[in-house]
Amino acid sequence: MSTGHARTVTSTSAGTVFELTSAQLGIWNAQRLEPESPYYVVGDVVQIRGSEPVDVARLAEAMVGTVGDAESLRLRVVETPDGPRQWVCADPVSVPPVVDVSGDADPVAAAEALVRRERFATAEACRAMVDRPLYSQTIIRLSECEVWYTQLGHHLVFDGYSAAMLARRTAARYTAAVRDEPLPPSSFSTFAEFVRADREYLASDRAERDRAYWVDRLTPLPEIGEWTSGRAEPPTATVSARTVLPPEEVAALRAFADEVKVTWGDALLASYAAFLHRVLGHTDVVFALPLMCRTSAAELRTPGMAVNVLPLRVDVHSGDRLDVLAHRVAEAMREMRAHQRYRGENLPRDLAVPGAGALLHGRGVNLKAFDLTLDFAGATGVMRNVAGGPPEDMGLSVLPTRDGGLLLGFEVDAATHDQESVDERLAAMRRLLTDLCAPARPAVGQVELLAPQRRRSLLDAWTPPAPSGTPRDPGELLDELATTRGDDIAIKHGESRVTYADLAARVHRLARLLRARGVGAEDVVALALPRSIDTVVALLAVLDAGAGFLPLDLEHPAQRLRALLADARPSLVLTTRGTVAPDDAIPRLSLDDLEIAAELSALPTAPLAPHELAAPRRGEHLAYVIYTSGSTGTPKGVQVPVAALRALVHHHRETFVAETAVAVGRRLRVAHTYSFAFDSSLDQLSWLLCGHELHLYDADVTKDVDLLLAAYAADRVDVVDTTPSLAAPLVDAGLLDGAHRPALLILGGEATPPALWERVVASGVAARNMYGPTEATVDSVSAVLDEGEPVIGHPLDGMRVYLLDTALRPVPPGVVGELYLAGPQLARGYLNRPGVTAERFVADPFATPGEAGARMYRTGDLARWVPDRGFVYLGRADGQVKIRGHRVELGEVEAALGALPDVSAAAAVLRHETGRPRLVGYVVPERDGELTPESVREALADHLPDHLVPASVVVLDALPRTVNGKLDRAALPVPQLSRTGRAPATERERILCAIVAEMFGLDEVSPDDDFFSFGGDSISAITVSSRLRSAGFELRPRDLLVRRDLGSLARRLVERSTVVAAVADDPVGPVPAPPIVRGLTEPHPAPRVVAGYAQWTAVSVSSSPTVAELVAGVRTVLARHAVLRLRWKAYPGELEVLSAEAVNAGDMVDAVTEPTESTQDHLAAIAERLAGELDPSTGAVLRLALVRTPSGEPDRLLVVAHHLAVDGVSWRVLLPDLHEACRAAREGRPAVLPSG
């Protein structure tokens, strides 16, 4: 029971002062949170029309008298130290102004415009709320017999129920005055009684019972991830759609309701619930409803703010009929009304979930079922709402019309909706309402929401034709390349090279060796090989032999690999002698065994003849098996046929691979960085089969941003394909800013955040966003990154991508649906999992007659379709998540946790409190068991890949449960990562601890803490390393991943200033190489290998310096920054700082004097030429060019620097210093450069 309330009233010279009621306090707080919002003004226009003239003077008197009767309309509010307080103002009531629009050409239009102006003028006047009138009235005269008046005010003082009371009282006063009859006494209670009723409820046991009911009703919390939880600013414009349900259709609705023994309102709400189920795909449907919230006699008689908004929760299924659903809604409504006094705005507090307030926004019905027709002395008055709160994405308004119909409407934010989409939404709602009440009584999922023409146009957009030409086998493509490009380099790996001719020969030899071992069609061959050219040879050889490959990631725990082999049952494992066999029971072939090598060398190198195969090559044969996370705890092996792989390569070859090659004008250099056990690696491999040069990088390089960028620069890589998680630190480190920027950046594997999307677009680098699950052979949907909102885009040519509701019907544009994939890239299903295969691969109802038996894959991904932009990804419909691009089934993580010794119960969730997705595990120990977060994570790390190990583990006494005994995921606590260890003692410890704390959203961390204890992983290690570099220190990501405490890591920090010494001392001679430099030079001791590792930038110069001024400026910068005078001595592998006098600034400056186009391609060509002149072994680490541009354009200053001297952060120092130095040279003064 609530106790200890402040006093309800006090007395002052202003009269009796009241606290705000609980309903008023909710409005007060809401307006304070959105002080600019005009949507807390509510009200109506009353339209009076009759056969006799309307007496405007008597009407004004009646309106003044009604305000005098209703104390709430005369309230004033003031802020005090104890909170807002209010009193009833005794000042005389102002006579409402009269505006005559009868002389206008269109009086109705003029009156409507005036009402709109009054609405916003009242909102502007009232939104501050304090010490001002909160109610206004205006009379509008359209003619002698038609007069309107407005009653508008802040929601603090009245609501919709009050508006009807006020209009009826005004009508009664007017009628009595016109007819000279006695005025009926006012039935309004005093405002003091209204406040007292609210305080009595708050102090009663009923308030606590109501609170307990709503907490239980909303536990577990409904899915609120897609709810509209409020906007930063109120919408500046809205889009509205209106339709009238005629009296005959309303009569049919009423007849249906009478027949099934519910109210017509229950039936309408049930239809709206069915609509939400269809357009959102949820079976647990929740939407907001306003309730009168007047349960005492005083409240029923008193105008004032009392209305409450609460969520109605109901289960809806596609097979439900409206009669069943209406009874379900009626029962929910009965419970809701019984507990309607509980304030909806208290839900976030009482559910202990800040986002729970979103349950009251975005979706709801405002059903005004009371009589709005009034008698004004024989003239008819009709109330029409003109100010009813902010627009909601799915907010349906329902108003009775004069003739017995219903006016249905949506009003939404124009910034996120267009007129066509809102019209379609309303048409779908009306179609569903009328069809569900029809005599046929269809189920909810049987009603078609789309018009036939719209349905056809959507399906056409979702099923583009396939690219021209015939897909071909990988082996056939390789043989063609061996013939036409035999001497071209196919793959580079470190110092190893292989031409197309040699690659084809090695593939065919190994394929014959596999055939000699009995490997053929439908056999599985496991690849347990380290990353090397041999891995690519083995993969292609397995396909060439007609079998399917199973790639294994040797960095995964041995137990995990054994589980995959046990499930796949391969006939052979290809490996090396130094690789530990995951399963000794399976025959293995070590490719580096001398006897095997001798056997291979004796085999023919020509393509395999048909008679050498176990069976003719067929598209339905198995190409590969790749395992993904499984919801039951067991990984699922996806079986992909050869035809699907052919289709993927063919699509890429005919579309963006060809487009990129044409844009660059030569063969492309493509980075291969993904694990071969990750299906996106096939995307990177496909470029090889299209005739381009593949650069295969080791895991040590792919996990270190700086090493990877250095490798890209050295190899002049044109195509970078990566996950957004890794792309972000790559971009931070200068991927898009260097001397050799990629010609194409491909992002995939997970959703691309808007910030990354915008940064890539701003860079001007061509980029694609790719979407597709393993079950549809890597890619299904693609988008070019542009200036619009992030999207996954349009279906690949030849693919069929459907966005369907729960009834497998297409959803309209802008509506949420689930993605289903069909077409030539569809997988067979899951190895040894027929039940799961049947569940996820279902019949395609949109297949043409010639595609009998066609299937489609249910992705579980939610999206919406935006015409002209494509699909917008909205997350998952189930428990699957993405961690650094890897698919993770929470069920698999929970099963692994539950299988650990001493664990009696377990759960896993994905949390976002730190601003980045974080997998969190929860465990309950056995009675005598002892568990720590560290021991649980270490045990899992022995069994699971890194992406399946929770970043944090919480040990609980028990998992939270709902009243029904189910796991209450919403009640799982946020991991408490506060630290109690010692405080940082050194500057290095303070810097490292501060960066780690910021990374994981913590107030502080201790040097005694372990990086992994916060949920550290490879991506966060890369980010911490980059931020340390910005702070002037070097620490490799791999150092963070060896599970050292932060104190030990701090001692390993190397100041970047050990390379760049203070200029004042002008140090020269040998200096120690920091870790980043050693990471670059140690794997590549030959100077020529790293000579071209460079970054470049181009700066517009409005007042172009002369060459002499530029040389002088460069000379100053060289003297200031010793790092620009570095020379790399390969032997004995050290750096040397040359003296300023030993470096000639004039040699570093070039001038392109002929007018040159300042396009990115032209600048890149000049930058590439300058980068070719760099040679750190001679001290040449900087080159500049002054590029003259056509008349009217600013010249461009091109600066190219070797990666030994600069990184992405260095430009922020170098460019301002160079600008000041050149300016000083022009003005004939010393340069003033920052100290430090």
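Which residue in E16 is the bridge partner of proline 400? It is leucine 406. I'll come back to that pair.

Some ground rules before the tour. This is a predicted model, where local features need pLDDT of at least 70, side-chain atom pairs count only at pLDDT 80 or more, and totals for chains, interfaces and linings use all residues. Residues are numbered from 1 along each chain as its sequence is written, and side-chain values use heavy atoms, with hydrogens and water left out.

The overview. The chain has 37 helices and 51 strands. Those are DSSP runs, numbered from the N terminus: helices are H or I with at least four residues, strands are E with at least two. Of the 1236 residues, 56% are buried. Buried means under 20% relative accessible area, exposed means over 50%, and partly exposed lies in between, with a 1.4 Å probe and protein chains only. The exposed surface comes to about 49500 Å². Carbon and sulfur atoms supply 52% of that surface. Areas come from the Shrake-Rupley method with a 1.4 Å probe, and for residues only the protein chains shown count as cover. Now contacts, meaning heavy atoms within 4.5 Å. Take those with a separation of 6 or more: 70% are between residues 24 or more positions apart.

Back to E16, residues 406-413. Six of its eight residues are buried. Strand E15, residues 394-400, joins E16 through five bridges, antiparallel. For pairing, DSSP must find at least two bridges between the strands. E15 and E16 form a hairpin with five residues between them. Glycine 404 in that turn has a positive phi of about 95°. E16 also pairs with strand E9, residues 238-245, again antiparallel, over eight bridges. There, valine 239 stands opposite valine 412.

Next, helix H21, residues 680-689. Ten of its ten residues are buried, so H21 is largely enclosed by the rest of the structure. The buried set includes Asp683 and Trp687. Just after H21, glycine 691 takes a positive phi of about 95°.

What packs against H21 at an angle of about 80°? Helix H16, residues 533-544, with the axes 13 Å apart. Axes are lines fitted to C-alpha atoms, for helices over the stretch in contact, and angles run from 0 to 180 degrees between N-to-C directions. H16 is therefore roughly perpendicular to H21. The cut-offs: under 35 degrees is roughly parallel, over 145 roughly antiparallel, 65 to 115 roughly perpendicular, and the rest oblique. Val536, Leu539 and Leu540 in H16 meet Leu685, Leu688 and Leu689 in H21. That contact has six nonpolar residues, no polar and no charged. Nonpolar covers Ala, Val, Leu, Ile, Met, Phe, Trp, Tyr, Cys and Pro; charged covers Asp, Glu, Lys and Arg; the others, Gly among them, are polar.

Another helix pair: H19, residues 642-654, and H20, residues 656-664. They pack at about 30°, axes 3 Å apart. H19 and H20 are therefore roughly parallel. His652, Arg653 and Glu654 in H19 meet Phe656, Val657 and Ala658 in H20.

Strand E28, residues 744-748. Five of its five residues are buried, so E28 is largely enclosed by the rest of the structure. Leu744, Ile746 and Gly748 cover one side, Leu745 and Leu747 the other. Strand E27, residues 719-722, runs parallel to E28 over four bridges. Valine 720 stands opposite leucine 745.

Two sheets to finish. One is open, with three strands in the order E40-E41-E42 and mixed pairing. E40 (903-911) and E42 (952-955) are the edge strands, each pairing on one side only. The twist averages 20° from one strand to the next. Helix H27, residues 890-898, packs on this sheet, touching E40 and E41, at about 150° to E40. Helix H28, residues 933-941, lies across E41 and E42, at about 130° to E42.

The other open sheet has four strands, ordered E46-E51-E50-E49, also with mixed pairing. E46 (1094-1101) and E49 (1149-1152) each have a single partner strand, so one side of each is left without a neighbour in the sheet. E49 and E50 (residues 1182-1187) pair in the parallel sense over four bridges. In E50, leucine 1184 is the bridge partner of valine 1149. Helix H36, residues 1160-1171, touches E46, E49, E50 and E51, at about 40° to E51.
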